[in-house]
Amino acid sequence: MNEPNPSSGHEPTRDEMLSALFAHLVMQQSNMAMMLMGKTPHPETGKPVRDFESAKLFIDLLEMLEAKTKGNLTKEEQNLLKQTLMAVRMGFVEAVESSPPQSEAKPQDDTKSPEPEKSPLLEGAAPAEESHKKFTKKY
């Protein structure tokens with residue numbers, strides 16, 4: 001008797017559904033920002049991703065949502081959005097501050113990559129990047 005009453009006794013109102021969808025949207029944007037900051041692994045590869053420009057876009061979208069919905073949210077929705085924005089902003093600052101050693105290594109890799117790209121044109125595809133070597137061996 002207890003199980004049928006909760007499921008059939010209360011149908012969510014339109015406002016409750018909209019509130020749940022709003023919370024889902026906020027969490028979805030937050031999760032994408034965190035993933036792009038390298039805070040959570042990519043769901044398909046399991047490896048961290050660092051794309052700060054894209055992460056900033058998701059943070060900007062949350063900020064836009066806050067500005068455009070000001071005065072139209074319940075206290076719970078407003079608190080969720082405010083706390084989520086604080087968390088992703090702090091995460092962004094931490095990710096950017098922890099990335100300089102990695103970003104310094106990337107330009108070195110970029111300066112090395114033009115040299116191997118020139119040599120495959122002259123010598124064939126043999127000196128390409130290791131990941132490309134694996135694929136060229138299969139062919």
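Some ground rules. The model is predicted, so local features need pLDDT of at least 70 and side-chain atom pairs count only at pLDDT 80 or more, while totals for chains, interfaces and linings use all residues. Residues are numbered from 1 along each chain as its sequence is written, and side-chain values use heavy atoms, with hydrogens and water left out.

Overall picture. The protein has 7 helices and 0 strands. Here helices (H or I, at least four residues) and strands (E, at least two) are DSSP runs, numbered from the N terminus. From the N terminus on, the order reads α-α-α-α-α-α-α. Of the 139 residues, 19% count as buried. Buried means under 20% relative accessible area, exposed means over 50%, and partly exposed is in between, with a 1.4 Å probe and protein chains only. Now contacts, meaning heavy atoms within 4.5 Å. Among contacts with a separation of 6 or more, 53% come from residues 24 or more positions apart.

Next, helix pairs. Two packed helices are described by the angle between their axes and the distance between the axes. Axes are lines fitted to C-alpha atoms, for helices over the stretch in contact, and angles run from 0 to 180 degrees between N-to-C directions.

How do helix 2 and helix 3 pack? Helix 2 spans residues 14-36, and helix 3 spans residues 52-68. Their angle is about 155 degrees, and their axes are 7 Å apart. That makes the two helices roughly antiparallel. The cut-offs: under 35 degrees is roughly parallel, over 145 roughly antiparallel, 65 to 115 roughly perpendicular, and the rest oblique. The crossing of helix 2 and helix 3 is left-handed, so the near helix is turned anticlockwise from the far one by less than a right angle.

Who meets whom? On the helix 2 side, the residues include F22, L25, V26 and Q29. On the helix 3 side, they include F58, I59, L61 and L62. By class, this contact has 13 nonpolar, 3 polar and no charged residues. Ala, Val, Leu, Ile, Met, Phe, Trp, Tyr, Cys and Pro count as nonpolar, Asp, Glu, Lys and Arg as charged, and the others, Gly among them, as polar.

Let's zoom in on Q29. Q29 lies in helix 2. Q29 is buried, at 12% relative accessible area. Leaving out residues up to four places away in sequence, Q29 touches F58, L61 and L62.

Among the contact residues are S19, A23 and S30 of helix 2, and E77, L80 and T84 of helix 4. The class count here is 10 nonpolar, 3 polar and 1 charged.

S30 also sits in helix 2. Is S30 buried or exposed? S30 is buried, with a relative accessible area of 7%. With residues up to four places away in sequence not counted, S30 touches L62, T84 and V88.

Last stop, helix 4 itself. Its buried residues are E77, L81, T84, L85, V88, G91, F92 and A95. Helix 2 and helix 3 are among what covers them. E76 is in helix 4 too, but E76 counts as exposed, at 61% relative accessibility.
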